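Subject: Structure handover

Hello,

Please find the structure below, followed by notes on what was found in it.

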Amino acid sequence: MRLSARVDYALRAAVALAGYGDRWVSAEQIAEDQGIPRKFLESILLQLRRGGIATSKRGSEGGHQLAKAGDLISLADVIRAVDGPLVGVRGERPEQVPYTGTATALTNVWIALRVSERNILESVSLAAVAGDDLPTSVTKLLEDPDAWVIRD
């Protein structure tokens with residue numbers, strides 16, 4: 001799985017908002033806290049607002065905050081808001097990509113990958129990340145040190 005800089009920054013910004021709770025936070029503060037370029041963050045915050053993840057308020061007491069509680073927003077929700085569907089093959093849904101002959105089973109591999117990815121990303125909320133309280137289903141995956149080894 002490859003996450004774009006946009007998705008990485010969006011996740012970091014959304015987790016930061018979860019960490020601030022009900023407080024309104026300026027884009028400047030989020031950019032500083034997370035090391036996100038300010039102009040890039042403004043674009044991401046717009047996408048998060050359009051996706052129903054965040055809300056904003058103008059004025060000296062304004063800023064940004066999550067549109068609903070952080071435990072009700074999953075990492076998958078944020079990714080979909082800024083990048084669309086979780087797993088695509090050449091921009092299409094895996095089940096819509098035609099394979100023939102010996103490659104036919106690739107469709108099932110891509111669908112299984114999407115299911116696995118969805119299971120993790122939908123089970124982790126912004127509040128869980130902000131509070132360093134990941135679900136057991138995720139932390140259990142980290143128990144096998146061989147799973148961390150990158151094989152080229």
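The axes of α1 and helix α4 (residues 75–83) come within 9 Å and cross at roughly 130 degrees. Axes here are lines fitted to C-alpha atoms, for helices over the stretch in contact, and angles run from 0 to 180 degrees between N-to-C directions. Helices (H or I, at least four residues) and strands (E, at least two) are DSSP runs, numbered from the N terminus.

The model is a predicted one, in which local features need pLDDT of at least 70 and side-chain atom pairs count only at pLDDT 80 or more, while totals for chains, interfaces and linings use all residues. Residues are numbered from 1 along each chain as its sequence is written, and side-chain values use heavy atoms, with hydrogens and water left out.

At that angle α1 and α4 are oblique to each other (under 35 degrees counts as roughly parallel, over 145 as roughly antiparallel, 65 to 115 as roughly perpendicular and the rest as oblique). In this contact, Arg 6, Val 7, Ala 10, Leu 11 and Ala 14 of α1 meet Leu 75, Val 78, Ile 79, Val 82 and Asp 83 of α4, where contact means heavy atoms within 4.5 Å. By type, the residues of the contact of α1 with α4 are eight nonpolar, no polar and two charged (Ala, Val, Leu, Ile, Met, Phe, Trp, Tyr, Cys and Pro count as nonpolar, Asp, Glu, Lys and Arg as charged, and the others, Gly among them, as polar).

Helix α1 (residues 5–20) also meets helix α2 (residues 27–34): their axes come within 10 Å and cross at roughly 110 degrees. The two helices, α1 and α2, are therefore roughly perpendicular to each other. On the α1 side the contact has Arg 12, Ala 13, Ala 16, Leu 17 and Tyr 20, and on the α2 side Gln 29, Ile 30, Asp 33 and Gln 34. These residues of α1 and α2 divide into five nonpolar, two polar and two charged.

There is one aromatic pair, counted when ring centres of Phe, Tyr and Trp (its six-membered ring) lie within 6.5 Å; planes under 30 degrees apart count as stacked, over 60 as edge-to-face and the rest as tilted. The rings of Tyr 9 and Phe 40 have centres 5.2 Å apart and planes at 85 degrees, so the pair is edge-to-face. Tyr 9 lies in α1 and Phe 40 in helix α3 (residues 38–50), so the pair ties together parts 31 residues apart in sequence. Tyr 9 is buried, at 17% relative accessible area, whereas Phe 40 is partly exposed, at 24% (buried means under 20%, exposed over 50%, partly exposed in between, with a 1.4 Å probe and protein chains only).

Regards
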